[in-house]
Amino acid sequence: MVEPGRETEYTESDVIEVFRDREDYAEPLTASEVADELGCSRRTALNRLHDLQAETDVTSKKAGGRSRVWWIPVLMDK
């Protein structure tokens, strides 16, 4: 358990696990959904998602208003 007043570090690997541990691998997630799974703030999840987008295949798009959804592209054989 984390001591009160101490911040827990969430790595990009922690965020990737949220995407990989789902039943529907292709379903996009919001930063709030990622935060709920990790048990962190939305801002922390959003920061990690932005880091991942810059460094990996994680991508996002606006989904109306200020909402944004995030996913790891699933490549299909043609």
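Reader: What should I know about the model before I look at its features?

Author: The model is predicted, and local features need pLDDT of at least 70, side-chain atom pairs count only at pLDDT 80 or more, while totals for chains, interfaces and linings use all residues. Residues are numbered from 1 along each chain as its sequence is written, and side-chain values use heavy atoms, with hydrogens and water left out.

Reader: Which elements make up the secondary structure of the protein, and in what order do they run?

Author: Helices (H or I, at least four residues) and strands (E, at least two) are DSSP runs, numbered from the N terminus. Here there are three helices and two strands, and from the N terminus on they run α-α-α-β-β. The C-alpha trace spans about 50 × 30 × 25 Å along its principal axes.

Reader: How do I read the word "buried", and what percentage of the residues does it cover here?

Author: A residue is buried under 20% relative accessible area, exposed over 50%, and partly exposed in between, with a 1.4 Å probe and protein chains only. Of the 78 residues of the protein, 29% count as buried.

Reader: Where do the buried residues of helix 1 lie around its axis?

Author: The general idea is to look down the axis and take the arc of the directions from the helix axis to the C-beta atoms. In helix 1, residues 12-20, the buried residues are Val 15, Ile 16, Val 18 and Phe 19. They fall within an arc of 150°, so they line one face of the helix. Ser 13 and Arg 20, on the other side of helix 1, are exposed.

Reader: What do the buried residues of helix 1 pack against?

Author: Contact means heavy atoms within 4.5 Å, and the buried residues of helix 1 pack against helix 2 (31-38), helix 3 (42-55) and strand 2 (68-71).

Reader: Which residues of helix 2 are buried, and which are exposed on the face turned away from them?

Author: Ala 31, Val 34, Ala 35 and Leu 38 are buried in helix 2. These residues cover an arc of only 100° around the axis, which puts them on the same side of helix 2. The face turned away from that buried side carries the exposed residues Asp 36 and Glu 37, and the cover over the buried residues includes helix 1, helix 3 and strand 2. Ser 32, also found in helix 2, counts as partly exposed because its relative accessibility is 33%. Glu 33 has its place in helix 2 and counts as partly exposed at 35% relative accessibility. Helix 2 is followed by Gly 39, whose phi is positive, near 80°.

Reader: What is the volume of the largest pocket, and which element gives the largest share of its lining?

Author: On a 1 Å grid over the protein atoms alone, a pocket is an open set of points where a 1.4 Å probe fits, with protein on both sides within 12 Å along at least five of seven lines, and lining residues have an atom within 4 Å of a point. Grid points are joined across faces, edges and corners, and a volume is the space filled by probe spheres set on the points. The largest pocket has a volume of about 220 Å³, and its lining residues include Ser 32, Arg 42, His 50 and Trp 70. Helix 3 gives the largest share of the lining, four residues, and helix 2, helix 3 and strand 2 each supply at least two residues.
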